[in-house]
There are 4 protein chains.
Amino acid sequence: MDLYQADPIYERVSKSFEKQSFLSLIGAKIEHIEKGKVAISCERKDTLLQQQGLLHGGVITTLADVAGGCAALTTMPENVEVLTVELKINLMRPAISNKVIAVGEVIKAGKTLVIVEATVTDKDNKILAKMISTMFATGETV
Amino acid sequence: MDLYQADPIYERVSKSFEKQSFLSLIGAKIEHIEKGKVAISCERKDTLLQQQGLLHGGVITTLADVAGGCAALTTMPENVEVLTVELKINLMRPAISNKVIAVGEVIKAGKTLVIVEATVTDKDNKILAKMISTMFATGETV
Amino acid sequence: MDLYQADPIYERVSKSFEKQSFLSLIGAKIEHIEKGKVAISCERKDTLLQQQGLLHGGVITTLADVAGGCAALTTMPENVEVLTVELKINLMRPAISNKVIAVGEVIKAGKTLVIVEATVTDKDNKILAKMISTMFATGETV
Amino acid sequence: MDLYQADPIYERVSKSFEKQSFLSLIGAKIEHIEKGKVAISCERKDTLLQQQGLLHGGVITTLADVAGGCAALTTMPENVEVLTVELKINLMRPAISNKVIAVGEVIKAGKTLVIVEATVTDKDNKILAKMISTMFATGETV
């Protein structure tokens, strides 16, 4: 990702990411940033589990949401933030892997609304979850 | 909730809840348990925020998911667990309140599939989010 | 519904409804109009069925979508149309009844986005389906 | 599609399709069948429109649902039917084209639950809508 660090898109996404304290709590990391596509990863930790010892669905959903939101952000003009209007996720397989990756991609970039999808996979590239959501551009943040 | 503590439904839900380490990480608490309906709360903390300093959508969604899952669990026979197949949440208002409550309710209890809805409100009873999800009964856990 | 016929809300909704040729094809009818809430009905016909002889899910979904869209329309200024951005429906019970009713209600009225829910019931008031969707105000139509 | 007509999968899907009178009412046609993937098309007709003269969202959603359901059916043993448990569709662009195609694909084939996605495009291959849904295998139909 070093290559991207001078890019304004890289800066905007990583700044927005770092401001989200919840992402630091769960240990989420940016894996990749390009226009319209962002990947976020998270490692299994003892504090992130559900009742059967698997990565919690809430963690999976957060990763998918953030990957999608960051992807949407890359299509926005400066000083415009995006908020999730709605998301729908299908949790398809239990997350037994030590690391999961959520790849968010813009499938329709509008001025006000951005539609994104995110796929969460484990390290064997098995699909754990698939999300489609609607993001809303919130005008100037300053 | 004292009244319920001797009830087997109370025990099953609180056991399942306590096993979920992620819920302890975010500080979620059970507020109410009855057959078909469970309420979960969470207080705003500096570690749970998004980029604008509001409670993260991932936290809101986790609360809604868990409230719905626990409500589904109350309709299941002993030793049967429920897993979220899919959830869809509309995030309607920013969570600026210090405390939010997610109330999950079963709207269709089947043997294999349970449909639940959850409403997340702030302390002024304003609706922050609304979720409908499908839970799947996973047979014996032992 | 006679009482409402002089009301501009009544007129706007019924005009929008009548312009939708697909609703006349399936035989949908307006049952009730008030600010923020619209009910639409449809009777079982031989042309509206799925492979098991039940009312087709596409018909149920159309009714829910239209009930929600019309409810959203009642909260809009004149000359503003609404379009469905996304909808999610849980089909909970087979529609074996001769008549179904979809009641759409606004749960969050914004300037640009309106969140609605719709419940589809049969004549015994059993819930067949539940939908939550996002509607988008499309500015002037003229 | 002639090549497929002797295949039992082809027969099962086309039989299920033909039994759905609603599909004949809207003029839907099977365009392609293979294991895990089915395409359905529909032409714009004066009877299928919404208030602005575009193809109705209910028609688009029906096509997506049926394409997904038929795709799910191709992964099922004989005599097992599938029903839609829930579907979520994002309607991204108005359908101004004379013909639309919905391609449904299985993304997770389970014994009881099948997760499918469908993409609806116009004749210029622009994406009009994207759906993810959960199908439920209903055991023997006889």
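Helices are DSSP runs of H or I with at least four residues, strands are runs of E with at least two, and both are numbered from the N terminus.

This is a predicted model, in which local features need pLDDT of at least 70 and side-chain atom pairs count only at pLDDT 80 or more, while totals for chains, interfaces and linings use all residues. Residues are numbered from 1 along each chain as its sequence is written, and chains are lettered from A and ligands numbered from 1 in the order in which they are written.

Helix α3 of chain D covers residues 57-73, and at 1.5 Å a residue it should span 24 Å; its end C-alpha atoms are 24 Å apart, which agrees. The expected span is 1.5 Å times one less than the number of residues.

Chain D also meets chain B: 7 residues of chain D are in contact with 7 residues of chain B, contact meaning that the C-beta atoms, placed from the backbone, lie within 7 Å. On the side of chain D that touches chain B, β3 (80-91) and β6 (127-140) each supply at least two residues. The largest share, 3 residues, comes from β3(D).

Chain B is superposed on chain A by a rotation of 180 degrees with 0.0 Å of shift along its axis (RMSD 0.0 Å). The two copies are thus related as by a two-fold rotation axis. The superposition is by least squares on the C-alpha atoms of residues with pLDDT of at least 70 in both copies. Of the residues of chain B, B:K88 comes closest to the rotation axis, with its C-alpha at 2.0 Å.

Definitions and conventions
Two residues are in contact if their C-beta atoms, placed from the backbone, lie within 7 Å.
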